[in-house]
Amino acid sequence: MKKIIVLLVLAVFSLQAENLKFKGKDYYMISNWSPVWRHSADNFANREIFEAGCNSVWLPLMPENPAKVQETVALAKRWQKEYPDVAIVLVVSHYFAFAHDGKNFKLHDEKELPELRRKFRETLALFKDNENIFGISLDEPENSIFQNYGKWLEERGLNAKSYLFTDYVTLAIKWLGEETKKVLPNAYYMPIVAWWNSYEGTASAYDLLVSNSYPETDREQNPGGKFFQVAYDCRISKETVEKTKLKGYIYMPPAFNVITVAPWNNMREYSALDLRYLWLSPVTQDARGICGWIMYRATEKYARANILPLFEELKAFTPWLLGEDCRRLATNDQGEIYIHRMRKVVKMAGEEIDEYEDMAVASRCTWILKRNPADGSLLLLAANNTPAELKTTFTLSPELDGCKIIGFHDRDSTYRSQDRKVALTLAAYEVLAIRLDR
C-alpha cells in the first residue's frame with residue numbers, strides 16, 4: 001500500500017493553537033513508556049530511539065521507599081545531563097497513592113492524608129532543580145481501586161447514585177495534583193485514565209488526560225479487528241477536553257510484539273500499517289502527543305522496522321502540529337459518524353457476552369489542517385476510521401486556489417485537484433497526508 005504524505009505550502013492566517021510547554025517552549029510529546037527495547041544491552045536508553053524523535057521519558061516515583069526515590073532523583077539528573085531536550089514524567093506508585101487492605105487498593109483514610117501530603121511535597125522538592133520535569137502521572141487508578149468502591153460507599157451511608165464512581169476516583173487522585181502545583185507549579189498532573197466513562201467525571205482533578213487503548217488485530221475476518229476502539233477513545237478524549245478546563249490529551253497506542261497475556265498473546269502481530277493508524281489517527285483528533293506502550297516488549301528488529309519510523313514521522317510533522325489550526329480553509333464530506341456493531345461488555349469485569357450493541361465511533365474521516373509558521377505551509381492529515389475503503393473529498397477555500405498537490409516524500413508525485421476539490425481514497429484504517437504548493 002502506498003503511503004502518501006503531503007503538505008500545503010501557503011501563507012494563511014488563523015488562530016494559534018494552545019500548545020503544551022516544555023522549558024517555556026511549545027512542545028509536542030513523542031514518547032514511549034520505556035526508553036529501551038527488549039533485551040537491550042543498555043538498560044538506560046537506546047540512543048537510536050531518541051535520535052529518531054522520541055522526546056520524553058517516564059520514570060517511576062515511589063515516595064513510600066526513600067532509597068528508590070533517591071535512585072529516581074539520580075536517574076532524572078542523568079537524563080537531564082545526557083538528554084537535555086527530553087521531558088521527564090514521574091509516575092507515582094500505587095502503593096503510595098492508595099492504601100492497601102492486604103488484597104486490594106483502597107482510598108487513604110482522611111486522617112492519613114496530611115502526613116502523606118507532606119511526604120509527597122518533600123519528595124517532589126528533590127526534583128525542583130531539574131528543569132526537565134514535565135509532569136507527574138499515575139497509572140490507571142480505576143483498575144486498582146474499583147474493588148473497594150462499594151464497601152467505601154456502605155461505610156459512609158452513600159450509594160452509587162448519590163456518589164458516582166468518578167467522584168470516588170476524583171477524591172482518590174486529586175490530592176496528588178494539588179501538592180504537585182505547590183512544589184512544581186509548571187509540571188502537568190497527567191494521570192493515565194483507564195475507563196472511557198471516567199474521563200469527563202474526573203477531569204477536574206488533573207491538567208492533562210492520558211488515554212490509552214491496545215486493540216486486538218484482525219478477528220473473525222474483521223479487517224482491523226478492534227481498531228475502532230482507538231477512534232472512539234480519541235473522540236471522547238477530545239470531547240472531554242472541549243467540555244472541561246483540561247489543557248489537552250496525550251494518547252498511548254500499542255508499541256509491542258512480545259506479550260504473554262490474553263488477548264494479545266493469541267492475535268496477529270501489529271504490522272507497520274496497523275501501528276501507523278494507531279499512532280497517527282489520534283493526531284487527526286487533536287491529541288497533544290503520542291506515547292507508545294511499551295518498548296521493552298518490542299524486539300530490537302521489530303522496533304527498528306515498525307516503531308522508530310513513527311517517531312521519525314511525528315518528528316517531521318511537529319513544526320506543523322505546533323502551528324495554527326487552519327481547518328477553516330477546507331471542508332470534508334465524510335463527517336458522518338461511523339457506527340460499529342460490537343459485542344456487549346460486562347461492566348467492571350470487561351468480559352464480552354453474546355449480545356450486540358451499536359457503538360458510535362467517530363467521524364468516518366477525521367483530519368487536521370495545520371500551518372507551519374516557519375514557511376506558511378499547511379499539513380493536511382486525514383484518517384479513515386472504518387474497516388473498509390473510504391473515498392472522501394476535501395473542498396478547499398478560495399484562498400487555496402491554484403495549489404499544486406505534490407507528495408511529501410516523493411516530490412515527483414502529483415495529485416489532481418478540480419474546482420478546489422481534492423479526492424482521496426483511503427484504505428481501511430489508513431492515515432494519509434497531502435501537500436499543496438502554489
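This report looks at one helix, one histidine and the cysteines of a predicted model.

## About the model

Because the model is predicted, local features need pLDDT of at least 70 and side-chain atom pairs count only at pLDDT 80 or more, while totals for chains, interfaces and linings use all residues. Residues are numbered from 1 along each chain as its sequence is written, and side-chain values use heavy atoms, with hydrogens and water left out.

## Helix 10

Let's start with helix 10, residues 272–280. Helices (H or I, at least four residues) and strands (E, at least two) are DSSP runs, numbered from the N terminus. Seven of the nine residues here are buried, so the rest of the structure largely encloses this helix. Buried means under 20% relative accessible area, with exposed over 50% and partly exposed in between (1.4 Å probe, protein chains only).

Those buried residues are Asp-274, Leu-275, Arg-276, Tyr-277, Leu-278, Trp-279 and Leu-280. Their cover includes helix 9 (228–243) and helix 11 (300–321), along with strand 4 (29–32), strand 13 (289–292), strand 19 (377–384) and strand 24 (431–437).

## His-340

Strand 16 (residues 337–345) holds His-340. This histidine is buried, its relative accessible area being 8%. Its side chain makes a polar contact of 2.9 Å with that of Tyr-338. A polar contact is a pair of N or O atoms within 3.5 Å; within protein, one must be able to donate a hydrogen and the other to accept it, and residues adjacent in sequence count only if both atoms are side-chain atoms.

## Cysteines

How many disulfides does a search of the whole structure find? The count is zero, a disulfide being a pair of cysteine sulfur atoms within 2.5 Å. For Cys-291, the nearest cysteine sulfur is that of Cys-54, 7.6 Å away. Cys-291 is buried at 0% relative accessibility, and Cys-326 is buried with a relative accessible area of 0%.

Methods:
Contact = heavy atoms within 4.5 Å.
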